[in-house]
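Biologist: I've got a model open and I'd like to learn how to read it. Can we go through it one feature at a time?

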Amino acid sequence: MPGKHYLFTPGPTPLPPEVREVLARPAIHPRGPDFLPPYERVLGRLKEVFRTEHDVLLFSSSGTGAFESAVANLTEPGEHALVVSSGHFGERWAAMATRYGADVDHLRYAWGETPDPDEVRARAAGAAVVYVVHSETSTGVVSDVQALGAADKDAGALVVVDAISSVGAVPCETDAWGLDVVVCGSQKALMTPPGLGFASVSPAALAKARETTTPRFYFDWERTHQAQAKLDAPFTLAVPLVLGLDVALGLLLREGLDAAFERHVRLGRATRGGIKAMGLELASPDEDRSAVVTAVHAPDELDVSAFLLDLHERLGVQLIGGQGEWSGKVFRIGHLGWFDILDITTALTAVEDGLAAAGVEIERGVAIPAALGAYDVARV
Ligand SMILES: *Cc1c(COP(=O)(O)O)cnc(C)c1O
C-alpha cells in the first residue's frame with residue numbers, strides 16, 4: 001500500500017504521534033519564553049532517564065558528536081586510554097581516541113562476543129580513561145556495563161560508556177554504577193528524530209576536562225555546562241528536536257523506566273522466539289539482556305541486500321543488514337523505542353514472506369505463535 005511504512009531499524013526508530021505533532025509546530029526562538037520551560041523540563045527529564053544527579057550536556061549533533069565531546073574533553077595527548085570493542089561502534093571509538101592522540105590500548109573482542117569484566121580490569125591498570133560500549137548495535141550484544149564500570153573504577157580510570165542505543169531500552173544506572181560519562185543520541189530508544197546528542201558528566205569527568213589541553217570549541221564541556229546552569233545554550237539548539245524530546249521523555253517516564261525495560265526484554269524474547277521457530281540462527285546472544293536489536297545469520301543462499309530491498313519495496317518494511325565485517329552476513333531487526341508486540345509480529349511476517357519469496361527454505365506459519373508465546377501476550 002503506497003505510503004504505509006514500517007521502520008524496524010535500530011535507529012532511527014519510529015516516532016510516536018505525540019512527538020510528530022510538536023515537530024510540525026511553528027518556529028519559536030530558543031531564548032524566548034516559549035522555549036525555556038520545555039528546555040528546562042528536558043534537562044531535568046534527561047537526568048531522570050540517565051539516572052543521574054549530575055548534568056546531562058545537550059548537543060545539537062548525532063550521538064557520535066556527543067561521544068567525540070567525551071574524547072575531546074578527556075584526552076590528554078600521550079596519556080594511556082583503554083578502548084574495549086566487540087563490534088562496529090567500539091572500533092569507531094578506538095579510531096577516534098587514537099586520532100585525538102591518546103596512547104590507545106585496544107582490547108578487541110571478536111564481533112558478537114561479550115566483553116569479560118575480569119579481562120577489562122586487568123587491562124585497565126594505568127589507563128586514565130576507559131571507553132566501553134553498552135549496547136553494541138552492530139551485533140545485538142548488551143554488555144554488563146555495571147561490572148565493566150566497577151572494573152574500571154578499581155583501576156582508578158574514568159569510565160565513558162557508549163549507551164547510544166541502550167538508554168531508555170535497558171537499565172543504565174549512571175550514578176549507582178559509577179559511570180563518569182554516559183553518551184546517548186535522540187534517535188534510538190528515545191523516540192525522537194536524529195540530531196541531538198547527550199553526555200552525562202560526573203564531577204570527576206568535568207574536573208579532568210578542565211586540565212586537558214586538547215583543543216575543542218563547539219564540544220567544549222565547560223562552555224555547555226556553564227550555559228545550561230543558566231538555562232542557556234552556547235549555540236543555537238535544534239529547537240524542534242528539543243520540543244519533540246520533551247514529549248518523548250514524558251511518554252517514557254509516564255510508562256515508567258522499569259516498565260519500558262521489561263517491555264524491551266519481552267520484545268527481544270518474542271523476536272528471538274519467532275526467528276528460531278522459522279529455523280533461522282541468531283547472531284546476537286539468546287539472552288534477555290539482548291533486548292535492543294536482534295541480529296540474524298543470513299542463510300548461505302540469501303542475497304541480503306536483495307532481500308531487504310524486496311521487503312522495502314513490496315511490503316514497506318525496513319530492516320537493516322550488517323555493518324563492517326558482518327555486512328552481507330546478517331540482517332538486523334531493531335526493537336528499541338516505540339515498539340509493541342504487534343510490531344514484532346509484523347516484522348516476523350515480513351521476514352517469513354521475504355525469505356520464502358527469495359526461495360529460502362524455512363518453517364512457515366510457526367513464527368508468530370512462537371513470538372506471542374515468548375512475549376506472554378496474556379500479561380499485556
Ligand atoms: C547509533 C549508534 C551510534 C552512532 O550514533 P549516531 O547518532 O549515528 O552518530 C554509536 N553507538 C551505538 C551503539 C549506536 O547504536
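Biologist: Let's start with contacts. Which residues is Val293 in contact with, leaving aside its neighbours within four places in sequence?

Modeller: Bear in mind that this is a predicted model. For contacts, you look for heavy atoms within 4.5 Å. Here Val293 touches Pro10, Thr137, Gly140, Ser284, Arg332, Ile333, Gly334 and His335, once neighbours within four places are set aside. Val293 itself sits in strand S11, which runs over residues 293-297.

Biologist: And is Val293 buried or exposed?

Modeller: Buried means under 20% relative accessible area. Val293 has 1% relative accessibility, so it counts as buried.

Biologist: Pockets next. How much space lies in the largest pocket, and which residues lie nearest its centre?

Modeller: With a pocket, ask about its volume, then its lining. The largest pocket holds about 280 Å³ of space. Its lining has 20 residues, and Pro10, Gly11, Phe89, Gln187 and Lys188 are the ones nearest the centre.

Biologist: Where does the largest pocket lie relative to the domains?

Modeller: Check who supplies the lining. Domain 1 (17-254) and domain 2 (257-377) both give residues to it, so the largest pocket lies between them. The second largest pocket also lies between these domains, because both contribute to its lining.

Biologist: What does that second largest pocket look like in terms of volume and lining?

Modeller: It has about 210 Å³ of space. Its lining includes Glu18, Met191, Arg263, Trp338 and Asp343. Helix H9 (residues 239-255) provides the largest share, three residues. The classes come out as five nonpolar, one polar and five charged.

Biologist: Last one: how far does helix H12 reach, and what covers its buried residues?

Modeller: Compare the end-to-end reach with the expected span. H12 (residues 341-357) has 17 residues and spans 24 Å from first C-alpha to last, close to the 24 Å expected. Its buried residues include Ile341, Leu348, Val351 and Leu355. Among the elements covering them are helix H10 (257-277), helix H11 (304-315) and strand S14 (330-334).

Notes
Residues are numbered from 1 along each chain as its sequence is written. This is a predicted model: local features need pLDDT of at least 70, side-chain atom pairs count only at pLDDT 80 or more; totals for chains, interfaces and linings use all residues. Side-chain values use heavy atoms; hydrogens and water are left out. Helices (H or I, at least four residues) and strands (E, at least two) are DSSP runs, numbered from the N terminus. Buried means under 20% relative accessible area, exposed over 50%, partly exposed in between (1.4 Å probe, protein chains only). On a 1 Å grid over the protein atoms alone, a cavity is a set of points where a 1.4 Å probe fits but cannot get out, and a pocket is an open set with protein on both sides within 12 Å along at least five of seven lines; lining residues have an atom within 4 Å of a point. Grid points are joined across faces, edges and corners, and a volume is the space filled by probe spheres set on the points. Domain bounds come from an automatic or database domain assignment. Ala, Val, Leu, Ile, Met, Phe, Trp, Tyr, Cys and Pro count as nonpolar, Asp, Glu, Lys and Arg as charged, and the others, Gly among them, as polar. The expected span of a helix is 1.5 Å times one less than its number of residues.
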